[in-house]
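This note sets out, point by point, several local features that a colleague may wish to examine in the model.

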Amino acid sequence: MIKKVTLIALCLLIISCESSENIVDSNNIQIIPEPEQMSLRDGEFTFNENTKIIVPDSLKPVAEILTEKFSSAAGWKLGISTDKPEKNYLIFKLDDELEKETYLLESDKEKVEITASGIPGFVYGIQSLRQLLPFEIEENSVREIDWSIPFVSIKDSPRYKWRGSHLDVARHFFEKEYIKKHLDRMAFLKLNTFHFHLVDDQGWRIEIKKYPKLTEVGAFRVDHEDKHWNARPTPQPGEKATLGGFYSQADIKEIVAYAEKLGITVVPEIEMPAHVMSAIAAYPELSCFENEIMVPSGGVWPITDIYCPGKENTFEFLEDVLLEVMELFPSKYIHVGGDEATKTNWEKCPDCQGRMQEEDLANVEELQSYFIQRMERFISSHDRVLIGWDEILEGGLAPGATVMSWRGVQGGWEASKQGHDVVMTPGSHMYFDHYQGDPDTEPVAFGGYTTLSKVYEFDPIVDSMSIEQKKHVLGGQANLWSEFIDSPGHSEYMLFPRLVALSEVVWSPKEKKDWKVFSEKLKQNILPRLEAMNINYAKSAFAVTAETEVDLDSESLKISLENEFPNTEIRYTLNDNTLNESSKKYTQPLEISETTKLKAAVFENGRQPGAVLEKTFSFHKAVGKKVRYEPIYHDSYKGPEDVGLVNVLRGSLNFHDGQWQGWLVDDVRIDIDLDELTEINKVSVGAMENQGSGIYYPLKVSVSISENGNNYRSIGSISREFKENGNPELKDFSIELEESVEGRFIKVEVDNLGHSPGGGDSWLFLDEIVVE
């Protein structure tokens with residue numbers, strides 16, 4: 001008996017040793033999002049023209065995702081069958097015990113097995129299989145290469161139920177074909193919820209048969225695309241509206257069916273009570289005062305033309321619309337917006353005031369709550385769930401509603417505390433209409449600064465949440481608003497590769513997230529695939545940025561170069577030297593003490609994947625000198641504080657970059673002590689204008705000098721009239737002298753606009769006072 005046990009133990013030891021020798025580092029599996037569990041063994045399974053796919057009839061559409069890829073890239077179509085051969089096959093195995101989105105992927109010399117309980121799991125298994133194949137599988141040109149995958153064992157399931165991507169097709173309309181491409185790309189990244197923003201002020205995009213004017217009138221606007229979004233004139237009744245489009249109900253059914261094949265739920269958004277000027281243009285009786293308006297061609301703020309909750313016909317209209325919407329979309333959730341409603345008309349409207357009295361509502365915030373709660377009761381009566389932006393919390397949240405938290409995470413925190421489900425989509429991390437690189441070199445964006453690495457660091461769960469609150473977090477979502485996005489190529493640029501980062505945030509276990517590992521997988525495996533798919537992805541993460549530190553004692557500047565990806569090769573040149581792969585490699589911070597032009601870029605394998613950083617650091621006569629402000633800059637925009645206007649460093653179009661000092665409403669006086677009598681030829685004041693964010697150029701800049709700090713004499717001033725300007729801009733207001741003058745003290749007075757034409761307080765933003 002002892003000998004038998006010893007023999008069995010020896011056999012087990014041999015098997016164990018053989019298995020461990022065959023297992024290799026699973027970090028070589030470059031799948032995004034990172035799987036929950038996986039192991040990699042020596043050996044490969046190779047697909048060829050004789051490989052069969054064994055699937056039940058119900059799963060053939062999923063199998064066709066792969067057969068179409070091989071048809072385009074390899075030139076042969078894999079056979080689909082229900083009969084299993086002895087070897088050389090891929091088989092789909094149903095297992096009802098697995099969770100809805102879980103999949104298992106196993107491969108060995110003879111076969112590949114994908115096991116799941118339904119369509120979503122099999123779709124995700126196919127996506128992982130695609131990423132194991134050579135990236136050429138994504139191309140549309142036939143290649144004769146080895147179509148092999150390694151021996152793997154993967155067990156994978158998502159961290160969150162809601163893994164969302166939102167597209168705004170209201171501000172700019174996108175054809176059905178692009179929507180279907182986007183759904184394909186969502187599936188590739190294992191995202192499962194498509195938030196379809198179909199209604200906004202600038203366009204109504206869904207056919208409603210009972211109200212045909214919604215698309216006849218509401219889907220089109222006057223073409224002012226030659227002007228900046230925030231500088232477009234208000235269209236007048238009678239002007240010809242030619243720009244736009246909409247989806248017929250047949251189109252919607254096709255999109256929804258296409259999404260279902262990919263395991264994706266389409267959640268429609270029908271805005272209310274605001275962002276509905278397109279509906280009011282079609283049916284003015286839905287508003288408080290029934291004024292005739294046109295669909296706006298650009299930005300509108302504040303949004304006062306909104307639905308009237310005092311009229312019963314408003315709710316009859318919305319219920320009719322939602323009945324047709326729910327017929328088209330099987331989604332559990334119906335999104336009603338609920339954000340950014342300026343309620344000034346409600347305060348004056350007799351119907352609204354009557355409703356408030358009748359329902360014993362204390363204010364217009366409670367009237368909005370009444371509106372949302374009434375719609376929630378209607379939606380829930382049809383076995384659906386109302387979801388809205390976090391403004392629906394104001395005045396009291398409808399009992400069965402779900403909250404989408406966009407104004408930070410606080411709305412989601414509050415809603416989860418009250419026992420409501422939440423989807424986290426804060427503008428700080430999840431608004432993909434924000435800049436992802438240097439705003440001075442990127443396509444125009446809404447504002448903000450959301451880099452690839454910033455998306456990756458996001459977590460839908462807030463640390464301060466209780467265990468119960470965390471259970472209510474459904475997941476996260478990226479939002480792409482289209483004010484400045486008018487083409488599929490621009491849309492792709494804003495989405496990718498940030499959407500790749502989101503996929504790992506909402507799918508992979510938190511402990512599996514690793515920015516360094518993700519970066520390598522992205523560069524080596526995913527970016528080549530995006531190129532093969534002809535996706536116009538942004539290379540902004542490769543761009544070099546310069547962090548600077550001023551040493552005021554030595555009047556020198558230390559410049560540190562970096563980019564988002566770890567361990568990249570940065571090369572640079574100074575002044576007029578040519579930048580290429582042979583330029584000096586950056587290894588440590590650069591130190592300069594005179595005006596210098598810097599060029600730098602990332603180089604990988606002799607290629608330059610990102611843009612060139614070009615900056616001139618101008619050392620002028622006021623660098624590092626004492627500055628006194630009256631009044632002091634605003635707490636929210638301090639820049640580098642006391643030396644902010646004399647530190648060589650200039651601000652960018654991103655007014656959150658830490659270089660801008662801001663004043664709200666106030667005029668400002670800045671005094672600079674040059675330490676000694678100095679010859680002065682020119683004084684320039686750097687300013688920003690971004691009217692959409694309430695930042696305006698100064699109305700006047702005046703400069704005076706003094707030898708003793710008491711007696712000042714003017715050396716010049718610049719005055720300008722206010723002008724509407726939709727474009728964010730940077731400008732130096734310069735006073736240049738015909739003959740130089742001497743002075744030690746400089747007084748710069750800058751007049752703030754004070755109040756914007758729209759009635760709000762205006763900001764004055766300054767970044768440097770250059771003395772030459």
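How many cavities of 30 Å³ or more does the structure hold? The points below begin with that question; the model under review is a predicted one.

1. Rolling a probe the size of a water molecule over the atoms shows where empty space is left. In this model, two cavities of 30 Å³ or more are found.

2. The largest cavity. Its volume comes to about 40 Å³. The residues lining the largest cavity are Leu-167, Asp-168, Phe-174, Tyr-178, Leu-480, Ser-482, Ile-485 and Ser-491. Sorted by class, this lining comprises five nonpolar, two polar and one charged residues.

3. The second largest cavity. Gln-436, Leu-452, Pro-497, Ala-538, Ser-540, Ala-541 and Glu-564 form the lining of the second largest cavity. Four of these lining residues are nonpolar, two are polar and one is charged.

4. Helices α8 and α11. Two packed helices are described by the angle between their axes and the distance between the axes. Helix α8 spans residues 312–328 and helix α11 spans residues 364–380; their axes come within 11 Å and cross at roughly 40°. The crossing of α8 over α11 is right-handed. On the α8 side, the contact is made by Glu-312, Thr-314, Phe-315, Leu-318, Glu-319, Leu-322, Leu-323 and Met-326. On the α11 side, the residues in contact are Tyr-370, Phe-371, Arg-374, Met-375, Phe-378 and Ile-379. Across both helices, this contact consists of 10 nonpolar, one polar and three charged residues.

5. Helices α3 and α18. How are these two helices oriented to each other? The axes of α3 (residues 119–132) and α18 (residues 515–532) come within 10 Å, and they cross at roughly 100°. Angles of 65 to 115 degrees count as roughly perpendicular, and α3 and α18 are therefore roughly perpendicular to each other. Arg-130, Gln-131 and Leu-132 of α3 make the contact with Asn-525, Ile-526 and Arg-529 of α18. The residues of this contact divide into two nonpolar, two polar and two charged.

6. Backbone geometry: cis peptide bonds. Most residues other than glycine have a negative phi, and most peptide bonds are trans. The bond from Ile-32 to Pro-33 is cis, with omega near 0°. Pro-33 is placed in the loop between β1 (23–24) and β2 (37–46). The bond from Met-272 to Pro-273 is likewise cis, with omega near -5°. Pro-273 belongs to the loop between β15 (265–272) and α7 (277–282).

7. Backbone geometry: a positive phi. Which residue has a positive phi of about 65° although it is not a glycine? That residue is Lys-190. Lys-190 sits in the loop that lies between α4 (176–188) and β10 (193–197).

Conventions. Residues numbered from 1 in each chain as written. Predicted model: local features only at pLDDT ≥ 70, side-chain atom pairs only at ≥ 80, totals over all residues. Heavy atoms only, no water. 1 Å grid on protein atoms, 1.4 Å probe; cavity = no way out; pocket = protein on both sides within 12 Å on 5 of 7 lines; lining within 4 Å. Points joined across faces, edges and corners; volume = space filled by probe spheres on them. Nonpolar A, V, L, I, M, F, W, Y, C, P; charged D, E, K, R; others polar. Axes fitted to C-alpha atoms, helices over the stretch in contact; angles between N-to-C directions. Helix = DSSP H or I, 4+ residues; strand = E, 2+ residues; numbered from the N terminus. Left-handed = near helix turned anticlockwise from the far one by under 90°. Contact = heavy atoms within 4.5 Å. Parallel < 35°, antiparallel > 145°, perpendicular 65-115°, else oblique.
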